[in-house]
Amino acid sequence: SFPTRRSSDLVISCFFIAWIPPFGIYGAPVFAWLMNWKRLHAIIIIVASFTVASLFVLFFANKITEIMLLAANLGAMIFIIVSMVTLGLSTTVSQVLAPLKDKNLMSRAILANFILVPVLAYLLVTGLHLPAGIALGLILVGTAAGSPFLARANQIPADKRELAGGLGVLLTIFSVFYIPIIVPFLVPGESKIDPVYLFITFVIIIIIPLFIAMYLRSGREEKVARALPWLDRTSYGAFFATFIGVIFVFFTQLTEIIGYGGLLAIILFALAAFGIGHLLGGYAPHMRAVLSFGTAQRGLSVALVFPLLSLLASEINPGSSVYDPTVLLMIVSLGIASLIILMVLGKKLAKQSSSG
């Protein structure tokens with residue numbers, strides 16, 4: 001389910017994985033093996049990363065919590081904007097309009113992403129009695145559709161990736177209008193969401209970069225082709241930096257914060273979202289691949305907007321709201337877990353299709 005790139009293009013991600021406490025220098029080789037990255041390159045990057053991480057902790061141990069939490073939020077902001085620019089540069093206007101001509105595809109995509117998956121998230125939140133921050137994180141991911149990496153998922157046939165890219169843009173735009181309306185009704189407890197401020201923020205850091213990138217793409221295909229790999233690396237690195245930051249800060253309380261209910265919710269959500277898209281895909285292989293991965297790969301860049309808006313509001317006016325970092329923790333944890341689950345499912349489906 002990971003975007004198609006040469007192994008040497010993405011092996012730099014091992015640098016960030018080796019910083020994650022539960023994985024570190026031991027887990028990064030496993031991740032590199034799953035991703036089929038070049039062995040020598042991965043070893044060099046992992047050793048260098050572990051060395052830098054050790055020196056960083058040695059010199060900044062007294063400020064490590066503040067630094068890593070700041071890195072997490074900055075990484076989230078960079079990931080949001082860069083992923084939207086990448087999505088816009090990867091897609092033309094005609095590709096965005098193409099899915100609208102396929103009424104069957106659009107009706108199934110809307111049913112899966114904006115009705116069934118949000119209902120799934122709500123049922124998990126209420127059924128497992130998740131804490132407020134964890135519940136809000138799951139609801140945001142459940143209502144945020146449109147992955148910027150959908151067009152480059154390995155399991156989608158090459159001749160359908162343009163269609164998948166256009167669908168990813170449409171789902172992202174729909175999510176911008178959908179989330180401010182529906183999320184306030186789905187969030188349990190005392191969590192408050194201002195739909196107007198949330199929508200304005202969506203327009204500023206989601207819609208505007210996306211549309212500007214689509215405009216800049218016209219007539220610049222060669223430059224865009226050279227820039228896309230670097231933008232991909234930047235967005236992956238920023239997301240891993242966010243994950244590393246929240247894991248560093250909350251590692252000792254990770255079990256208490258997420259709990260067994262949160263972990264179960266993450267696994268069930270990823271598997272059920274994939275299953276919903278797979279079932280709605282019908283018998284056509286290309287439709288099944290586009291919808292299964294298009295439904296399971298959520299719009300993390302859209303979901304991350306709210307925790308950043310909440311942090312900004314608490315910094316500007318500390319008495320007006322309380323920033324809950326567990327929302328960010330749940331979103332990035334669900335993103336990483338979904339990536340691993342989709343990689344495993346993708347490999348199994350690839351074996352089945354090749355043997356069939």
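**Figure 1. The largest nonpolar core of the predicted model has 85 residues.** Within this core, the residues with the most contacts are Leu138, Leu140, Ile206 and Phe269, and its largest share, 12 residues, is contributed by helix α9 (residues 161–186). A nonpolar core is here a set of buried Ala, Val, Leu, Ile, Met, Phe, Trp, Tyr and Cys residues joined through side-chain atoms within 4.5 Å, where buried means under 20% relative accessible area, exposed over 50% and partly exposed in between (1.4 Å probe, protein chains only). Helices (H or I, at least four residues) and strands (E, at least two) are DSSP runs, numbered from the N terminus. The model is a predicted one, in which local features need pLDDT of at least 70 and side-chain atom pairs count only at pLDDT 80 or more, whereas totals for chains, interfaces and linings use all residues. Residues are numbered from 1 along each chain as its sequence is written, and side-chain values use heavy atoms, with hydrogens and water left out.

**Figure 2. Surroundings of Ile206.** Leaving aside neighbours within four places in sequence, Ile206 is in contact (heavy atoms within 4.5 Å) with Ile80, Met84, Thr172, Val176, Thr201, Ser301, Val302 and Val305.

**Figure 3. A nonpolar surface patch of about 820 Å².** Val196, placed in helix α10 (residues 195–217), counts as exposed because its relative accessible area is 51%.

**Figure 4. His129, in the loop between α7 and α8 (132–143).** Although His129 is not a glycine, its phi is positive, at about 55°. Most residues other than glycine have a negative phi. His129 counts as exposed because its relative accessibility is 69%.

**Figure 5. Confidence along the protein chain, given as pLDDT (the predictor's confidence in each residue, from 0 to 100).** The chain averages a pLDDT of 78, and 76% of the residues score at least 70. Confidence is lowest in helix α1 (residues 7–10), at a mean of 49, and highest in helix α7 (residues 103–127), at 92. Over residues 1–9 the pLDDT is below 50, although this stretch has 32 contacts in the model beyond near neighbours in sequence. Where pLDDT is low, the predicted coordinates should not be read in detail.

Key
Patch = residues over 30% accessible without salt bridge, like charges linked within 9 Å, V, L, I, M, F, W, Y side chains within 5 Å. Areas by Shrake-Rupley, 256 points an atom, 1.4 Å probe, with all protein chains shown as cover. Salt bridge = Lys/Arg side-chain N within 4 Å of Asp/Glu carboxyl O.
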